[in-house]
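Subject: Structure handover

Hi,

Here is the structure for you to look over. My notes follow below it.

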Amino acid sequence: MRKLLIAGNWKMNMDRGSAVQLAQGIAARAAEFPGIDLLVCPPSIYIAPVADAVAGSAVAVGGQNMYHQTNGAYTGEISGAMLQDVGATYVILGHSERRTLMGETDEDVNAKLLAALNAGLTPIVCVGEILDQREAGQTPQVIRSQFTRSLAGLTAEQMTQTVLAYEPVWAIGTGKVATPDQAEEVHADLRKLLAEYYNNAIAQQVRILYGGSMKASNAAQLIAQPNVDGGLIGGASLKVEEFLGIARAGM
Ligand code: PEP
C-alpha cells in the first residue's frame, strides 16, 4: 500500500520568522496524521531553521530545487549534499515555474534527478501540460515525453526512491483545479508508463502526487482517486489549518 504524501511548496514566500512559525504549527499537530507523510519545502535559505523547528516531529523538510553538480564554481547554486547538510531529505525537481521562468529542460531535470538520488535525497519530479496542450488533446504525449526524458537512465531501484507529481500547469496558482477524473486519467497513464518502462510491481510502489490549486475543500475527492497518492500544494500550504485540512482529507 502506498503511503500518502502531503507536501507543501512554499515557493519564494515568507520571512524567516513566519517560516519557522508555520513549521512549528504543522509539527505541533503532525501526530494527528499517523498514516500520512508530511513534507514542507521552504525557500532554501530557511531550510536549516525550519528543520530545527520540526525536529522531533514526523514532518520532513525538502528543497525546491538544486544543481546537478556536487561542488565547484557554480555561483548561486546549491548541491544535493548541501540540502542534506542543512536538514532536507526531499527535493522538488522540474516544477513548471522552473521550467517556464528559468528555462529548465527535461535534460536539466534528468541531471538534477540523478544527482539528487546520488546525494540520498528523495526527489519529487513534476510533469504537466499547459492549457493549449490539454485543449489540443496532447496531454498523454506531453506526459510521456516529460516522463521518458526527465527520468532517463533511472534504475528500477532509483525509480522506487522517486516520487512523481502531476501538476497541470493551467491549474497551478490559478484556483482552477483539475477534476478528480482529469487527475486520475493522467495519474493512471503515469502508472502505465511506470509499468511499461519498469514493471508492474514498481508501478504499484511509486507515489504520484497531484498538484494544482489543491486545498482542504477539494482535496478529499482528488486523494480518493485510486492513483492519486497525495498532493504537492502551493498557496494552500502557507496556512497551518489549510495544509493540515488537506492531510485530514486523506484520512
Ligand atoms: C505548486 O506550485 O506546486 C502548486 C501546486 O501551487 P498551487 O497549489 O498554489 O496551485
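S213 is buried, with a relative accessible area of 19%. Buried means under 20% relative accessible area, exposed means over 50%, and partly exposed is in between (1.4 Å probe, protein chains only). S213 sits in the loop between β7 (208–210) and α11 (216–223). Its phi is near 55°, a positive value in a residue other than glycine. Most residues other than glycine have a negative phi. Helices (H or I, at least four residues) and strands (E, at least two) are DSSP runs, numbered from the N terminus.

Some ground rules. This is a predicted model: local features need pLDDT of at least 70, side-chain atom pairs count only at pLDDT 80 or more, and totals for chains, interfaces and linings use all residues. Residues are numbered from 1 along each chain as its sequence is written, and side-chain values use heavy atoms, with hydrogens and water left out.

Next, K11. Its phi is also positive, near 50°. K11 is in the loop between β1 (4–9) and α1 (16–29). The side chain of K11 meets that of E97 in a salt bridge, at 2.8 Å from N to O. E97 lies in helix α4 (residues 96–101), so the pair ties together parts that are 86 residues apart in sequence. E97 is partly exposed, at 26% relative accessibility. A salt bridge here is a side-chain nitrogen of Lys or Arg within 4 Å of a carboxyl oxygen of Asp or Glu. By this rule the count is 16.

Two further salt bridges:

- R29 and E241 meet at 2.6 Å, N to O. R29 is in helix α1 and E241 in helix α12 (residues 240–249), 212 residues apart. E241 is exposed, at 56% relative accessibility.
- R144 pairs with E196, the closest N and O atoms being 2.9 Å apart. R144 is in helix α7 (residues 139–150) and E196 in helix α9 (residues 180–197), 52 residues apart. Both are partly exposed: R144 at 34%, E196 at 48%.

Shared partners also join R29, E32, E241 and R248 into one salt-bridge network.

Now the strands. Why is β5 (residues 122–127) largely enclosed by the rest of the structure? Because 5 of its 6 residues are buried. Strand β4 (residues 90–93) pairs with β5 in the parallel sense over 4 bridges. Two strands pair if DSSP finds at least two bridges between them. V91 stands opposite P123 in β5. Strand β6 (residues 163–166) and β5 also pair in the parallel sense, over 4 bridges. There, V163 in β6 is the bridge partner of I124.

Best wishes
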